[in-house]
Amino acid sequence: DLKRIALLGWSEAQRNENLRVTMRGFYVAFRDLLAAAAARWKEAGLLHGNSSPDNVAKALLAVILGFVVEAAIIGDAGPEDIAAGLGGLGVNKGDFR
């Protein structure tokens, strides 16, 4: 299960500086891609006018990483659950396609 492997990697990165640097680079690059997507959404009018694409990317990455933890440890969270929960917060999954 890749989610459990991710948790092990995150744990190991706390004591292994080389791994932490490698993982940080991966996550920063991924967050940059999320920021670029958020900038496109903002240009399309899908985000509030005062939204920062960088902050939106940070929030999205937190949701994604939190999903990995919740799914790996609790085991009852699926993508549909997260989409429904975000919908309850006013985020329409159709807005981000």
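## Exercises on helix packing and ring pairs

Leaving aside residues up to four places away in sequence, Ala77 touches Phe67, Glu70 and Ala71, where contact means heavy atoms within 4.5 Å. The model is predicted, so local features need pLDDT of at least 70 and side-chain atom pairs pLDDT 80 or more, while totals for chains, interfaces and linings use all residues. Residues are numbered from 1 along each chain as its sequence is written, and side-chain values use heavy atoms, without hydrogens and water.

**Exercise A.** Determine where Ala77 lies and whether Ala77 is buried or exposed.

Solution. Start with the location: Ala77 is in the loop between α3 and α4 (79-88); helices are DSSP runs of H or I with at least four residues, numbered from the N terminus. Then take the accessibility: at a relative accessible area of 12%, Ala77 is buried (buried is under 20%, exposed over 50%, partly exposed in between, with a 1.4 Å probe and protein chains only).

**Exercise B.** Repeat the analysis for Ser51 in the loop between α2 and α3.

Solution. The relative accessibility of Ser51 is 15%, so Ser51 counts as buried. Its contacts, with residues up to four places away in sequence left out, are Lys42 and Val56.

**Exercise C.** Classify the packing of helix α1 (residues 2-13) against helix α3 (residues 53-73).

Solution. Begin with the geometry: the two axes come within 9 Å and cross at roughly 115 degrees (axes are lines fitted to C-alpha atoms, for helices over the stretch in contact, and angles run from 0 to 180 degrees between N-to-C directions). This makes α1 roughly perpendicular to α3 (65 to 115 degrees; under 35 is roughly parallel, over 145 roughly antiparallel, the rest oblique). Next comes the hand: the α1 and α3 crossing is left-handed, the near helix being turned anticlockwise from the far one by less than a right angle. Then list the residues: Lys3, Arg4, Ala6, Leu7 and Trp10 of α1 meet Leu65, Val68, Val69, Ala71, Ala72 and Ile73 of α3. By class, this contact of α1 with α3 has 9 nonpolar, no polar and 2 charged residues (nonpolar: Ala, Val, Leu, Ile, Met, Phe, Trp, Tyr, Cys and Pro; charged: Asp, Glu, Lys and Arg; polar: the others, Gly among them).

Solution. From α1, Gly9, Trp10, Glu12 and Ala13 meet Leu19, Arg20, Met23 and Tyr27 of α2. The residues of this contact of α1 with α2 comprise 5 nonpolar, 1 polar and 2 charged.

**Exercise E.** How many aromatic pairs does the whole structure hold, and which residues do ring pairs link into a cluster?

Solution. The search finds 2 aromatic pairs (rings of Phe, Tyr and Trp, its six-membered ring, with centres within 6.5 Å; planes under 30 degrees apart are stacked, over 60 edge-to-face, the rest tilted). Phe26 and Tyr27 are edge-to-face, at 5.0 Å centre to centre and 75 degrees between the planes. Phe26 and Phe30 are stacked, because their centres are 6.5 Å apart and their planes at 5 degrees. Being 4 residues apart in helix α2 (residues 17-43), Phe26 and Phe30 are separated by about one helical turn. For accessibility, Phe26 is exposed at 51%, and Phe30 is partly exposed at 28%. Taken together, ring pairs link Phe26, Tyr27 and Phe30 into a cluster.

Note on methods: Helices (H or I, at least four residues) and strands (E, at least two) are DSSP runs, numbered from the N terminus.
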